[in-house]
Amino acid sequence: MRACVLAGLAMIGLSSSAWAEQSWDDVVKAAKQEGQVTLYTSQVGVPQLDRILSAFSDEYGVEVQKLELRGSELFERLRLELATNRAAADVSFSGGSVTLETMGVLQPHGDIPNAARLSPEFAGNELRLPVFSQSMGIVVNASVPKDKRPKRWADLTDPSWKGKILADDFRAVGGGGLFFAVTYEKFGEDYQKRLSENRPVFTREIRDSPRRVARGEYPVYIPFILPDALLNKGLPLEVILPEEGLVYGNFDAAVVKGTLHPNAARVLLNFFLSDKAQLIYAGSARRPTVKGLEDQYPENVRDFLKAPLLGTQEDSKVRTQMLQRATEIYK
């Protein structure tokens, strides 16, 4: 055990250029010798992640210890572990990883072979690699006549929707805050002011929101996370993919500073970008970030995965400014 810890400590702060001197076969061999990897994730209760981690262990013989935490809890735990020199995590897997960059809790991942397959819009950087994109659209109660349903984000500013829109809170971190930041950037402040005139009803109970629409409490809900369409299958709901494109947020994997299993961490990052892992996520309507898998997308979610993307917001300073602006507009 002591040898494993010392080996890990020797890798702390190792530059990607030093890692480049290793062949990938050497990395895999060393990962198998380490024999384990600890993953901290904010993806809670998602069976697809368990399937991927099980497949990883089967292929490499590396045991995965997984700790599920809410995003804010994950960030704080990594900060405290680094500050007290008690690092336990090897890999972080979460949304909002730009915040982790600014906190200084990540270290360069070095050369990851499958990273070369990432699509341009999901390029990542030396600290984090996008594993999947979680896209968001609109959902309406199926009783809303087809000719009355919104086809664009812009349609939601029509006065006919006043008091009828259920929405994630635009003033809080999460899907609502991301929606506000992206649409503010793409459509301007006037769009937000016109939408605010329709008095959207904010909620932070996002898991129950589609069911509230299905029960008829509200005819429309935004932003609707597309993977939730599968969780709510059978309910009287219709998903709308806005013509302007989908708002989206990435789930990134990254090597944690102070990792005790640096090689296993890198091999896990590479596996997240493998065909096997990417297609498992595709089956749950989470958009793969690597190129070349489009023809293998499942038929029932193909439209979700191929819909145009409107944008995302990864600058933590801008996101903070946008939350403040949302608070000013939506009083």
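Predicted model: local features only at pLDDT ≥ 70, side-chain atom pairs only at ≥ 80, totals over all residues.
Spanning residues 316-329, H14 has 14 residues and runs 20 Å from its first C-alpha to its last, close to the 20 Å expected at 1.5 Å a residue. Four of its residues, Met322, Leu323, Ala326 and Ile329, are buried. Looking down the axis of H14, these buried residues fall within an arc of 130°, so they line one face of the helix. Over on the other side of H14 sit Lys317, Thr320 and Gln321, which are exposed. As for partners, the buried residues of H14 pack against helix H7 (175-187) and helix H8 (189-196).

Tyr184 gives a residue-level view of this packing. Tyr184 belongs to helix H7. With a relative accessible area of 18%, Tyr184 counts as buried, because the cut-off for that label is under 20%. Setting aside neighbours within four places in sequence, Tyr184 is in contact with Glu189, Gln192, Met322, Arg325 and Ile329. Two of these contacts, Met322 and Ile329, are among the buried residues of H14. Gly71, by contrast, is 113 residues away from Tyr184 in sequence and 24 Å away in space, C-alpha to C-alpha.

Helix H12 (residues 275-282) also has its share of buried positions: Ala277, Gln278, Ile280, Tyr281 and Ala282. The list of elements that these buried residues pack against takes in helix H4 (47-60), strand E3 (91-95), strand E5 (129-141), helix H11 (262-272), strand E11 (287-288) and H13.

The pocket is lined by 17 residues, and the closest to its centre are Ala229, Leu237, Glu238, Val239 and Phe304. Helix H10 (228-231), strand E9 (237-240) and helix H13 (302-306) are the elements that each give two or more residues to this lining. By class, the lining splits into eight nonpolar, three polar and six charged residues.

Definitions and conventions
Residues numbered from 1 in each chain as written. Heavy atoms only, no water. 1 Å grid on protein atoms, 1.4 Å probe; cavity = no way out; pocket = protein on both sides within 12 Å on 5 of 7 lines; lining within 4 Å. Nonpolar A, V, L, I, M, F, W, Y, C, P; charged D, E, K, R; others polar. Expected span 1.5 Å × (residues − 1). Buried < 20%, exposed > 50% of the residue type's maximum accessible area, 1.4 Å probe, protein only. Arc of directions from axis to C-beta. Contact = heavy atoms within 4.5 Å.
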